[in-house]
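Hi everyone, thanks for coming. I'll walk you through a few spots in this one, so let's get it up on the screen.

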Amino acid sequence: MTGPLSVRLADPCDWPAAEAMLRAGFDDEDWFLRAFFDFVWQRCDTLLSLQDGVPAAMTALLPCQVYQPGQASLPALYLYALTTLPAHRGQGHARRLLQAAQERCERVFLHAEDAPLHALYQRLGWQDAMRAQRRTLSAMPGSAPPAVDGPAYFAAREALLRDIPHIVWDENLCAFASRMLACEGGGLYADTRAACAVTGVQDDCLTLCEALGDASAAQALATQLGCGRLSALVSSAQGGIALAQAIGDPLPIPLHLGFDFD
């Protein structure tokens with residue numbers, strides 16, 4: 001039999017328990033944990049699911065907004081690092097955290113890492129807010145955008161997306177992304193023409209987790225970084241480099257970031 005279950009917000013003394021869950025759930029390395037506790041733990045709420053008063057599962061609640069041209073931006077939450085300790089899996093902790101997050105905000109996002117997780121969230125009633133495909137872009141002439149920090153990327157991203165429905169990440173989360181991508185061999189690159197979030201380089205291929213604006217700028221970036229090929233997660237809409245995080249209207253609730261899985 002299992003003991004009583006409860007959900008509460010994490011406090012500073014829960015840091016060791018959260019670190020243990022991140023290591024067990026994702027096998028996170030020290031550099032990632034430092035970035036998580038610097039940019040997420042201390043600046044965003046984290047929900048814990050407890051069993052007999054002991055933390056068994058967690059998810060971070062990253063604040064964001066849903067922007068649609070001509071309308072007021074709507075508050076939203078992006079669920080990040082949803083994980084349960086192995087000994088407590090199968091006891092409903094993740095479901096309780098999802099429910100608790102939905103009680104805090106009407107618009108809740110998450111991203112399914114693979115097809116089985118995508119199917120699981122669909123069974124739980126979650127719906128696609130956006131879809132993306134992995135495509136290889138053809139070579140095009142142009143100049144590469146420069147490397148930038150999180151706030152500069154945020155500003156360039158918002159300028160490029162001002163006429164398009166999208167998710168607005170705050171500057172702190174862009175700084176978190178900058179730290180993560182840099183530690184993985186990638187980074188943020190942006191100017192007035194394009195914004196590219198580079199995941200890294202592998203097998204002579206530059207991979208982008210977000211590509212906005214001018215396709216020639218992204219291809220020039222691949223050339224500058226010594227890559228023969230470039231692939232990006234882009235939306236299924238046609239034309240140029242489409243958005244990795246464009247949204248539909250109206251929005252389903254609850255919703256998740258849906259992707260096409262190979």
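Let's start with Ala175, which you'll find in helix α6, the stretch covering residues 171–183. Keep in mind as we go that this is a predicted model. Is Ala175 buried or exposed? Its relative accessible area is 19%, and the cut-off for buried is under 20%, so Ala175 counts as buried.

And which residues does Ala175 touch, once we set aside neighbours within four places in sequence? Those are Phe39 and Gly150. Have a look at Ala35 too: 140 residues separate Ala35 from Ala175 in sequence, yet their C-alpha atoms sit 9.4 Å apart in space.

Okay, over to Thr59. This residue is in strand β3, residues 54–67. Thr59 is buried, and here the relative accessible area is 0%. What does the Thr59 side chain reach? That would be the backbone oxygen of Tyr80, at 3.2 Å. Tyr80 also turns up in the contact list for Thr59, which leaves out residues up to four places away in sequence: Thr46, Leu47, Leu79, Tyr80, Ala81, Leu82 and Leu97.

Last stop, the cysteines. Cys13 is exposed, with a relative accessibility of 61%. Cys196, on the other hand, is buried at 0%. Now, a disulfide is a covalent bond between the sulfur atoms of two cysteines. How many disulfides do we get here? Counting sulfur pairs within 2.5 Å, the total is 0.

Definitions and conventions:
Residues numbered from 1 in each chain as written. Predicted model: local features only at pLDDT ≥ 70, side-chain atom pairs only at ≥ 80, totals over all residues. Heavy atoms only, no water. Buried < 20%, exposed > 50% of the residue type's maximum accessible area, 1.4 Å probe, protein only. Helix = DSSP H or I, 4+ residues; strand = E, 2+ residues; numbered from the N terminus. Contact = heavy atoms within 4.5 Å. Polar contact = N/O pair within 3.5 Å; in protein donor to acceptor, adjacent residues only side chain to side chain.
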